[in-house]
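Student: I have a model open and would like to learn how to read it. Can we go through it feature by feature?

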Amino acid sequence: YQPLYRLGSGRLEGFEALARWQHPQLGAIAPDVFIPIAEEAALMAPLTDFMLDRACRQLREWQLRSPGFEGLKVQVNISGNDMAHAAFAQRIERAIRNSGLNPQRLTLELTENTLMEGVDGALDSLGQLQKLGVGLSIDDFGTGYSSLSYLSSLPIDSLKIDRSFVQCMR
């Protein structure tokens with residue numbers, strides 16, 4: 001889990017759940033290597049379900065241990081293959097229900113390119129998730145082709161600007 005802090009106050013806001021693979025012989029395998037393999041092998045749905053279940057349960061466990069964690073959120077990355085899945089919103093709802101997590105404490109992150117490539121098929125799922133109370137965020141914004149005016153028509157709550165877009169700013 002990678003902690004997320006509010007810049008102005010330095011206050012902990014939540015965590016991002018990150019998939020990592022520690023291979024017994026090869027050591028750490030980077031996500032940009034194993035995620036495309038998982039997508040090609042049709043393993044993204046099980047990996048996403050595992051990550052969602054684990055992240056929701058972990059945050060709920062922390063919330064039950066400490067009242068100070070009640071307002072924290074967890075963010076989970078979602079692939080284009082997940083968005084194309086017909087029962088995507090139901091899978092998210094199941095993970096929330098099984099963990100007992102408040103849906104407003106979960107944010108799903110979609111990359112800009114993933115969203116723009118599959119936006120037509122994703123709108124129903126995004127609308128269902130928004131009604132459920134799940135947050136939706138675009139990750140790596142600035143690496144694709146979308147415009148801010150187009151984004152305003154989508155049910156998105158936040159943008160995570162890509163590092164390459166802002167690294168030269170001082």
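Student: In which helix is Thr-48 found?

Tutor: Thr-48 is found in helix H2. Helices (H or I, at least four residues) and strands (E, at least two) are DSSP runs, numbered from the N terminus. A word on the source: this is a predicted model, where local features need pLDDT of at least 70, side-chain atom pairs count only at pLDDT 80 or more, and totals for chains, interfaces and linings use all residues. Residues are numbered from 1 along each chain as its sequence is written, and side-chain values use heavy atoms, with hydrogens and water left out.

Student: Is Thr-48 buried or exposed?

Tutor: Start with the cut-offs. Buried means under 20% relative accessible area, exposed over 50%, and partly exposed in between (1.4 Å probe, protein chains only). Thr-48 has a relative accessible area of 3%, so it is buried.

Student: What does Thr-48 touch?

Tutor: Contact means heavy atoms within 4.5 Å. Not counting residues up to four places away in sequence, Thr-48 touches Ile-78, Asp-82 and Arg-91.

Student: Which other residues of H2 are buried?

Tutor: First, the general idea. An α-helix has 3.6 residues a turn, so residues three or four places apart point the same way. Now the case. Besides Thr-48, the buried residues of H2 are Met-44, Met-51, Leu-52, Ala-55, Cys-56, Gln-58, Leu-59, Trp-62 and Gln-63. They cover an arc of only 165 degrees around the axis, which puts them on the same side of H2. The arc is that of the directions from the helix axis to the C-beta atoms. On the other side of H2, Arg-54, Leu-64 and Arg-65 are exposed.

Student: What covers the buried residues of H2?

Tutor: The cover includes strands E2, E5 and E6, and helices H1 (31-40), H3 (80-84) and H4.

Student: How many residues does H4 have, and which of them are buried?

Tutor: H4 has twelve residues. From first C-alpha to last, H4 reaches 17 Å, close to the expected 16 Å. Phe-88, Ala-89, Arg-91, Ile-92, Ala-95, Ile-96 and Ser-99 are buried in H4. They cover an arc of only 165 degrees around the axis, which puts them on the same side of H4.

Student: What follows H4?

Tutor: Gly-100 follows, with a positive phi near 80 degrees. Most residues other than glycine have a negative phi. Now compare Ala-42. Ala-42 is not a glycine, yet its phi is positive, about 60 degrees. Ala-42 sits in the loop between H1 and H2. With a relative accessible area of 63%, Ala-42 is exposed.

Student: How many residues does the largest nonpolar core have?

Tutor: A nonpolar core is a set of buried Ala, Val, Leu, Ile, Met, Phe, Trp, Tyr and Cys residues joined through side-chain atoms within 4.5 Å. The largest one here has 33 residues. Val-76, Ile-92, Leu-106, Leu-108 and Leu-129 have the most contacts inside it. Elements giving two or more residues to this core include E2 (12-17), E5 (73-78), H6 (119-132) and E7 (135-141). H2 gives the most, with six residues.

Student: Which residues does Leu-106 touch?

Tutor: Leaving out residues up to four places away in sequence, the list includes Leu-52, Cys-56, Val-76, Ile-92 and Val-134.

Student: Where is Arg-105 found?

Tutor: Arg-105 is in the loop between H4 and E6. At 18% relative accessibility, Arg-105 counts as buried. Arg-105 and Lys-73 are 32 residues apart along the chain, but their C-alpha atoms are separated by 4.4 Å.

Student: Where does Asn-77 lie, and which side chain does its own side chain contact?

Tutor: Asn-77 lies in strand E5 and is partly exposed, at 33% relative accessible area. Its side chain makes a polar contact with the side chain of Glu-16 (3.0 Å). A polar contact is a pair of N or O atoms within 3.5 Å; within protein, one must be able to donate a hydrogen and the other to accept it, and residues adjacent in sequence count only if both atoms are side-chain atoms.

Note on methods: Expected span 1.5 Å × (residues − 1).
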